[in-house]
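Opening the notebook on a new model. I want to look up the fold, the core and the pockets.

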Amino acid sequence: YKRTLTPTKKVTREDAEKTKADIENIFNLFKSYVGENRPHLKIDEVATGETWFGSDALEKGLCDEIKAVDDVLVEYVKDGYDVFEIKYKEPVEPDERLASVFGDSGADAPPMAENAVRWLIRIFMSEVLNRKDVQGSLKSLMGDAPSSSLAGSTGNDDLRRKYMMMDETSDRYRF
C-alpha cells in the first residue's frame, strides 16, 4: 500500500478503500485533538466537514474571540513579550541580476555596465588627447584647431563636439 494512488496506476477498489480508511483515521485524530483542547465543545456537532468563519466559528466555540493581528501584537507587547517583525525577501534570480547590470532592470538609474563603459571611455579619451604624439597627428588632421581643444579642455571644443555629446544631467560625456 505504499503507492495506493498514483497518476500512472489504475485505481482499484482496494486502493479507494485504503485511501478512505487513511482519511477517516486522520479525521478521527483531528477530532480527538480538538476535543481534548476544547472540552466545552460539542465535537460531534462541529466535526462534520463543514467550515465556519468569524462570528459563526465564535458562536460554535471553535475560537475564543475575534481580533485583528495588530490587536494581538499590541497585547503581547503590553504583557512584556518581545515582538519582532520578520520580512522575507525573495531571492533574485541570477539571470535577473545579470540583466540589471546590462540595463534590463527597469530601474531609473543607468545600469552599472553603461556607467562603467562611460567611465572607461572618458579615461581613455583624456589619456589619448593628452599625448603629445596624438596631439600632433590630430592637429595635422584638423588643420588650425587650437591646441587647447586637443589637450582635453573642459570647454565645447571641436573634437568633443564632433565625437561626443554632453549628458544633460552632469558633466559626463556620451558616445
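This is a predicted model: local features need pLDDT of at least 70, side-chain atom pairs count only at pLDDT 80 or more; totals for chains, interfaces and linings use all residues.

Residues are numbered from 1 along each chain as its sequence is written, and side-chain values use heavy atoms, with hydrogens and water left out.

Fold: I looked up the elements and got nine helices and two strands (DSSP runs, H or I of at least four residues for helices, E of at least two for strands). Along the sequence they read α-α-α-α-α-α-α-α-α-β-β.

Burial: 15% of the 175 residues count as buried (under 20% relative accessible area, 1.4 Å probe, protein chains only).

Core: I checked the largest nonpolar core, and it holds five residues, Val34, Leu41, Val46, Trp52 and Ala57 (buried Ala, Val, Leu, Ile, Met, Phe, Trp, Tyr and Cys residues joined through side-chain atoms within 4.5 Å). Leaving out residues up to four places away in sequence, Trp52 touches Glu45, Val46, Ala57, Lys60 and Leu62 (heavy atoms within 4.5 Å).

Pocket: 13 residues line the largest one, with Phe30, Val46, Ala47, Trp52 and Leu62 nearest its centre (on a 1 Å grid over the protein atoms alone, an open set where a 1.4 Å probe fits, with protein on both sides within 12 Å along at least five of seven lines; lining residues have an atom within 4 Å of a point). Helix H1 (13-37) and helix H2 (43-46) each give two or more lining residues, and H1 has the largest share, four.

Note on methods. Buried means under 20% relative accessible area, exposed over 50%, partly exposed in between (1.4 Å probe, protein chains only).
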